[in-house]
Amino acid sequence: LASQGLDFQAFKQRLRNNITNSWLTNQMVARQILIPQSEIEKYYAEHKEEFVDREMDLQILVFNPGIKPGDIPKIAKAIKDGKLSFAEAVQKFSVGPASDTDGTVKNMSWKEVSPEIRAVLERAQIGQVTDVTKVGDQSMMFILLRLGEPVQKSLDEARGEIENILKMPLAKERFEEYVNQLRNKAVIDVRM
């Protein structure tokens, strides 16, 4: 938050405003937009590759930001040399998921991890410890435990997601119209 120039209260207020806008958009605008089935089918046919995903299991080590940057390569070398197990390193140095055990996260969606992490995992072998990777300001290491086969979502499985994708630009436009109508109808009576 500090790197973005926000304090916690400002962050909470921004989050509250975003949630309120999303709720208003959904309640007053988006639910009233109907997308024809033909447009959903057309979008699916033209973007079929977007609805392919695969699951994976990983061990993740997200280095604690308090660790001196010069110590991270030493820890990584100890892991790669077998002097320190990945699970021990996770318990001692990680602030990531499952840091109280061995860092294992199961059934992760390939599409939902960042492009930087996907690039590292594309080159990884099953069971291999990766090199240290920077994702934003965080240093990380991974072990790819399992990478499932790609699975294509059917049109029925993707229908809701496609509907939301197609509704978004229309909802934003209608939301602006809705807000403008509210502003134009607003009457403020100040009495002192």
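A98 is found in the loop between α4 (86-93) and β3. Helices (H or I, at least four residues) and strands (E, at least two) are DSSP runs, numbered from the N terminus. A98 has a positive phi of about 55 degrees even though this residue is not a glycine. For background, most residues other than glycine have a negative phi, and most peptide bonds are trans. A98 is partly exposed, at a relative accessible area of 24%. Here buried means under 20% relative accessible area, exposed over 50%, and partly exposed in between (1.4 Å probe, protein chains only).

Before we go on, a word about the model. It is predicted, so local features need pLDDT of at least 70 and side-chain atom pairs count only at pLDDT 80 or more, while totals for chains, interfaces and linings use all residues. Residues are numbered from 1 along each chain as its sequence is written, and side-chain values use heavy atoms, with hydrogens and water left out.

## The overall layout

The protein chain has six helices and six strands. Read from the N terminus, its elements follow the order α-α-β-β-α-α-β-α-β-β-β-α. Of the 192 residues in the protein chain, 31% are buried. A contact means heavy atoms within 4.5 Å. Among the contacts in the protein chain with a separation of 6 or more, 69% join residues 24 or more positions apart.

Now look at strand β3 (residues 104-109), where K106 has its place. N107 is in strand β3 too, and its phi is near 55 degrees, a positive value in a residue other than glycine. N107 is partly exposed at 48% relative accessible area, and K106 is exposed at 58%.

Which residues does K106 touch, leaving aside its neighbours within four places in sequence? They are M56 and D57. D57 sits in strand β2 (residues 55-62) and is buried, with a relative accessible area of 9%. With neighbours within four places in sequence again left aside, D57 is in contact with V105, K106, N107, I143, L144, L145 and R146. K106 and R146 are 40 residues apart in sequence, yet their C-alpha atoms are 8.8 Å apart in space.

## Charged partners

Side chains of opposite charge can pair when their charged atoms come close. A salt bridge is counted when a side-chain nitrogen of Lys or Arg is within 4 Å of a carboxyl oxygen of Asp or Glu. How many salt bridges does this rule give? The count comes to seven. E55, D57 and R146 are linked in a network of salt bridges. The table shows some pairs.

| Salt bridge | N to O distance |
|---|---|
| K77 and D81 | 2.7 Å |
| K153 and E161 | 2.9 Å |
| R159 and D156 | 2.7 Å |

K77 is exposed, with a relative accessible area of 52%, whereas D81 is partly exposed at 40%. In the next pair, K153 is partly exposed at 31% and E161 is partly exposed at 32%. R159 and D156 both belong to helix α6 (residues 155-185), where they lie three residues apart, about one turn of the helix. D156 is exposed, with a relative accessible area of 61%.

## Aromatic rings

A pair of aromatic rings is described by the distance of the centres and the angle of the planes. Rings of Phe, Tyr and Trp (its six-membered ring) pair if their centres lie within 6.5 Å; planes under 30 degrees apart count as stacked, over 60 as edge-to-face and the rest as tilted. Two aromatic pairs turn up in a search of the whole structure. In one of them, the ring centres of Y43 and F51 are 6.5 Å apart and the planes are at 70 degrees, so the pair is edge-to-face. Y43 is buried at 14% relative accessible area, and F51 is buried at 2%. Ring pairs link Y43, Y44 and F51 into a cluster.

## Where two helices meet

The axes of helix α2 (residues 37-46) and α6 come within 9 Å and cross at roughly 105 degrees. Axes are lines fitted to C-alpha atoms, for helices over the stretch in contact, and angles run from 0 to 180 degrees between N-to-C directions. This makes α2 roughly perpendicular to α6 (angles of 65 to 115 degrees count as roughly perpendicular). The contact includes Y43 and Y44 of α2, and R159 of α6.

Notes
Parallel < 35°, antiparallel > 145°, perpendicular 65-115°, else oblique.
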